[in-house]
Amino acid sequence: MTEIIGAAKPALVNLHGKPIVKTPAEPEVPVVDRATQLPDPSGYRILCAIPEVEDKTAGGLFKADETKKFEELTTPVLFVVKLGPDAYADERKFPSGAWCKEGDFILTRPHAGSRVKIHGREFRLINDDSVEAVVEDPRGIARG
């Protein structure tokens, strides 16, 4: 009998026929505390935030969630949040100094770096030499 119930309602009971108790959602972390939970990049890495993707197209149509996720995944535009302690420290590799600083919008390759989600927002850890350009206004820039 337990197998029949479990097969008929797999989302409601476990394999032993006992009801599955829904676990409470994790409490929401206040916005003020979220910034203190960002990782400090190590070595020559840079922590970058991914700018929010627009909900609508230029023509006013709403984008599907899958489309927004794809745009977020492949965006070449990143916002520099923190520089690692060794970023741009090698004077032979960077004779003219740092290529970017905290608060800059940068261009990089679409899949550069390691992706990590923190409180639902996606961030990337990239190498200091992955920066290809600094842009003043990133609006209108899209992957080609």
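**Nonpolar cores, an aromatic cluster and a buried arginine**

The largest nonpolar core comprises 13 residues, and those with the most contacts inside it are Ile46, Cys48, Tyr88, Cys100, Ile106, Ile126 and Val131. A nonpolar core is a set of buried Ala, Val, Leu, Ile, Met, Phe, Trp, Tyr and Cys residues joined through side-chain atoms within 4.5 Å; buried means under 20% relative accessible area (1.4 Å probe, protein chains only). At least two residues of this core come from each of strand 1 (45-49) and strand 2 (77-83), strands being DSSP runs (E, at least two residues) numbered from the N terminus. A second, separate core of 6 residues includes Leu38, Leu47, Ile118 and Phe123. The model is predicted: local features need pLDDT of at least 70 and side-chain atom pairs count only at pLDDT 80 or more, whereas totals for chains, interfaces and linings use all residues. Residues are numbered from 1 along each chain as its sequence is written, and side-chain values use heavy atoms, with hydrogens and water left out.

Tyr88, Phe94 and Trp99 form one aromatic cluster. The Tyr88 and Phe94 rings lie 4.8 Å apart centre to centre, with 75° between the planes, an edge-to-face pair (ring centres within 6.5 Å, planes over 60 degrees apart; the six-membered ring is used for Trp). Tyr88 counts as buried because its relative accessibility is 9%, and Phe94 because its value is 3%.

Arg124 is located in strand 5 (residues 121-127). The Arg124 side chain reaches the backbone oxygen of Leu73 at 2.8 Å and that of Pro110 at 3.0 Å.

Notes. Helix = DSSP H or I, 4+ residues; strand = E, 2+ residues; numbered from the N terminus. Polar contact = N/O pair within 3.5 Å; in protein donor to acceptor, adjacent residues only side chain to side chain. Buried < 20%, exposed > 50% of the residue type's maximum accessible area, 1.4 Å probe, protein only. Phe/Tyr/Trp six-rings, centres within 6.5 Å; stacked < 30°, edge-to-face > 60°.
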